[in-house]
Amino acid sequence: MRLLLIEDDQAYQLAMAGHLRQLSAVDRVAVASDGEEGLVLLQQQPVDLVLLDLVLPGMGGLPTCRHITSTEATPVLILTSHDDPQWVQQIWQAGARGYLHKERAFEQVELALASLQAGASWWDQTATAIFSQASTMPSPAPEWRSETLGLLTQRERDVLACIADGDDNRTIARRLGIGEGTVRSHVHVLLQKLQVSNRTQAALFWLGQFPLNTHQSQASARWSPGVDGP
């Protein structure tokens, strides 16, 4: 597994990178000190998973997460010292697949990585309770979803179906016989048409599991994802 660790605290970065490199499933760990540097590294060397500090200088953790999840299929695992439940909503809306509290990260990170690599997620008991409560809220009418999907062109629907399959831009381009630049353009447009902020939310809407709502905080709260973790 090839990892990218984006963490500005040098002591924590050094300790976590060293810990990750000792894990049997990890082949390589690249490190960056802020979001901008991390995005550059992502363009230079593909990775299988990003571990991202929530609080970063410059671009910030959530904007960095949104950028990654809206342009690539690489899963993001947030590292945070915050216990406030409000962060769960923001982390989910940014497209992250879960988070680790820094105090427990060293003991849990191996299991969390395995979970994300298997296509699942990693949320703690606080997040699980929030999602369980949100799952009781009503879903939108099927005709609403159909009307929204009707805004997409056939090619945009093709791209969205590939996103729902977990394909990255390169794979989508190969499957559809188009250029990666064209794929990026289609993704940008369909995210705007669906009024979602990242690829994960777009995929869930295609699968009928994500209620579209112009108020993203309310929409995101209505879907309860698969929850793994302690």
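A contact, as used throughout this tour, means heavy atoms within 4.5 Å. The model is predicted: local features need pLDDT of at least 70, side-chain atom pairs count only at pLDDT 80 or more, and totals for chains, interfaces and linings use all residues. Residues are numbered from 1 along each chain as its sequence is written, and side-chain values use heavy atoms, with hydrogens and water left out.

**Stop 1: H19 and the aromatic pair**

Select H19, which is found in helix α1. Helices (H or I, at least four residues) and strands (E, at least two) are DSSP runs, numbered from the N terminus. Residues up to four places away in sequence aside, H19 touches F106 and V109. The C-alpha atoms of H19 and V109 are 9.4 Å apart, although 90 residues separate the two along the chain. H19 is partly exposed because its relative accessible area is 22%; buried means under 20% relative accessible area, exposed over 50%, and partly exposed in between (1.4 Å probe, protein chains only).

The structure holds one aromatic pair. Y12 and F106 form this pair in an edge-to-face arrangement, with 5.6 Å from centre to centre and 65° between the planes. Rings of Phe, Tyr and Trp (its six-membered ring) pair if their centres lie within 6.5 Å; planes under 30 degrees apart count as stacked, over 60 as edge-to-face and the rest as tilted. The pair links distant parts of the chain, with Y12 in helix α1 (residues 10-21) and F106 in helix α5 (residues 105-117), 94 residues apart. Y12 counts as buried because its relative accessibility is 14%, whereas F106, at 30%, counts as partly exposed.

**Stop 2: the whole chain**

Now switch to a cartoon view. The protein has twelve helices and five strands. Of its 230 residues, 48% are buried. Among contacts between residues at least 6 apart in sequence, 64% join residues at least 24 apart.

**Stop 3: the nonpolar cores**

Select L4, V50, L52, I78 and I91, the residues with the most contacts inside the largest nonpolar core, which has 25 residues. A nonpolar core is a set of buried Ala, Val, Leu, Ile, Met, Phe, Trp, Tyr and Cys residues joined through side-chain atoms within 4.5 Å. At least two residues of this core come from each of β1 (2-6), β2 (28-32), α2 (35-44), β3 (49-53), α3 (61-71), β4 (76-80) and α4 (86-93). Centre the view on L4: residues up to four places away in sequence are not counted, and its contacts include A30, V31, A32, L41, L42 and V50. A second, separate core of 21 residues includes M1, V26, L100 and A112.

For a view of helix α4, select Q90, which has its place there. Q90 is partly exposed, with a relative accessible area of 30%. From C-alpha to C-alpha, Q90 and L62 are 7.7 Å apart in space, and 28 residues apart in sequence.

**Stop 4: the largest pocket**

Which residues lie nearest the centre of the largest pocket? Select E72, A73, T74, P75 and G166, which hold that place among the 43 residues of the lining. On a 1 Å grid over the protein atoms alone, a pocket is an open set of points with protein on both sides within 12 Å along at least five of seven lines, where a 1.4 Å probe fits; lining residues have an atom within 4 Å of a point. The volume of the largest pocket is about 1,200 Å³, a volume being the space filled by probe spheres set on the points, which are joined across faces, edges and corners. Elements that give two or more residues to this lining are α2, α3, α8 (154-164), α9 (169-176), α10 (180-194) and α11 (199-206). The lining divides into 17 nonpolar, 14 polar and twelve charged residues; Ala, Val, Leu, Ile, Met, Phe, Trp, Tyr, Cys and Pro count as nonpolar, Asp, Glu, Lys and Arg as charged, and the others, Gly among them, as polar.

Remain on T74, in the loop between α3 and β4. T74 counts as buried because its relative accessibility is 14%. Neighbours within four places in sequence aside, T74 is in contact with V47, D48, L49, V50 and I68.

**Stop 5**

Select V187, found in helix α10. Is V187 buried or exposed? V187 is buried, with a relative accessible area of 3%. Neighbours within four places in sequence aside, V187 is in contact with S70, V159, I163, N169 and R199. Finish at Q195, in the loop between α10 and α11. Phi of Q195 is near 60°, a positive value in a residue other than glycine. Q195 counts as partly exposed, at 36% relative accessibility.
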